[in-house]
Amino acid sequence: MPPLMIFAAGLGTRMRPLTDLCPKPLIEVAGRSLLDRALDLGRQAGAGPIVVNTHYLGAQIERHLQGQDVALSPEPGQILETGGGLRHALPLLGDGPVMTLNPDVVWTGPNVLTALAGAWRDDMDALLALVPLDRATARQGAGDFSLDADQRLIRRGDFVYAGAQIIRPDRLAEIADTAFSLNRLWDLLIAEGRAFGMIHSGGWCDVGTPQAIPLAEALLRE
């Protein structure tokens with residue numbers, strides 16, 4: 001099972017005012033923090049090592065994780081975004097494929113990381129978990145991708161990136177910027193036909209705003 005990077009450095013601006021004093025990954029849904037729910041997925045899937053990056057109110061996340069089987073990748077100066085954050089953490093993750101997970105999501109159904117690992121093939125450089133837009137609870141905005149007959153990613157369509165993937169990080173070295181989105185790497189891989197999608201069969205909720213919390217809790221009760 002590949003190592004896992006959980007992105008916990010973000011500012012959580014859409015979750016204000018709840019994130020004025022609390023980092024978004026520590027916001028609770030149904031009595032359990034988003035970060036702990038993400039860690040549950042990783043541990044249940046057998047991922048290791050597990051790395052969590054920190055920036056905004058990072059000391060709270062570090063205290064929360066103290067004594068746990070988690071390595072920290074602090075970003076004390078400039079926030080590095082997903083691409084820069086992953087590259088910064090590579091010394092803790094190794095050189096092979098890496099799983100990444102956004103913690104501001106609630107999942108039901110099969111463990112998405114286990115499913116991604118089971119679908120991964122050597123001809124892939126990226127495998128993204130997707131959900132159809134009509135099943136993307138609390139999603140704001142349009143879809144991100146469509147799929148061709150071989151499940152390769154095509155930009156724009158009615159599938160939403162669900163916040164979990166396996167990706168080879170080798171080509172991060174080609175991107176000169178310090179802070180950048182993983183979209184930059186996806187574009188390189190899509191252009192070469194090396195980026196694929198896997199549709200998550202369970203429920204999914206984007207917990208990006210305070211209004212999404214009761215929707216996520218309702219999903220968990222189903």
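The legends below describe several close-up views of a predicted model.

View 1. The side chain of D40 makes a polar contact of 2.9 Å with the side chain of R32.

**View 2. The cis peptide bond between R16 and P17**. The bond that joins R16 and P17 is cis, with an omega of about 10°, and P17 is placed in the loop between β1 (4-7) and β2 (28-29).

**View 3. The cis peptide bond from G48 to P49**. Here omega is near -5° for the cis bond that runs from G48 to P49, and P49 sits in the loop between α1 and β4 (50-54).

**View 4. A30, a residue with a positive phi**. Although A30 is not a glycine, its phi is positive, at about 55°. A30 is located in the loop between β2 and β3 (32-33), where A30 counts as partly exposed, at 44% relative accessibility.

**View 5. R156, a residue with a positive phi**. R156 is not a glycine, yet its phi is positive, at about 75°. The loop that holds R156 lies between β10 (153-155) and β11 (159-167), and R156 is exposed, because its relative accessible area of 68% is over the 50% cut-off.

Key
Residues are numbered from 1 along each chain as its sequence is written. This is a predicted model: local features need pLDDT of at least 70, side-chain atom pairs count only at pLDDT 80 or more; totals for chains, interfaces and linings use all residues. Side-chain values use heavy atoms; hydrogens and water are left out. A polar contact is a pair of N or O atoms within 3.5 Å; within protein, one must be able to donate a hydrogen and the other to accept it, and residues adjacent in sequence count only if both atoms are side-chain atoms. Helices (H or I, at least four residues) and strands (E, at least two) are DSSP runs, numbered from the N terminus. Buried means under 20% relative accessible area, exposed over 50%, partly exposed in between (1.4 Å probe, protein chains only).
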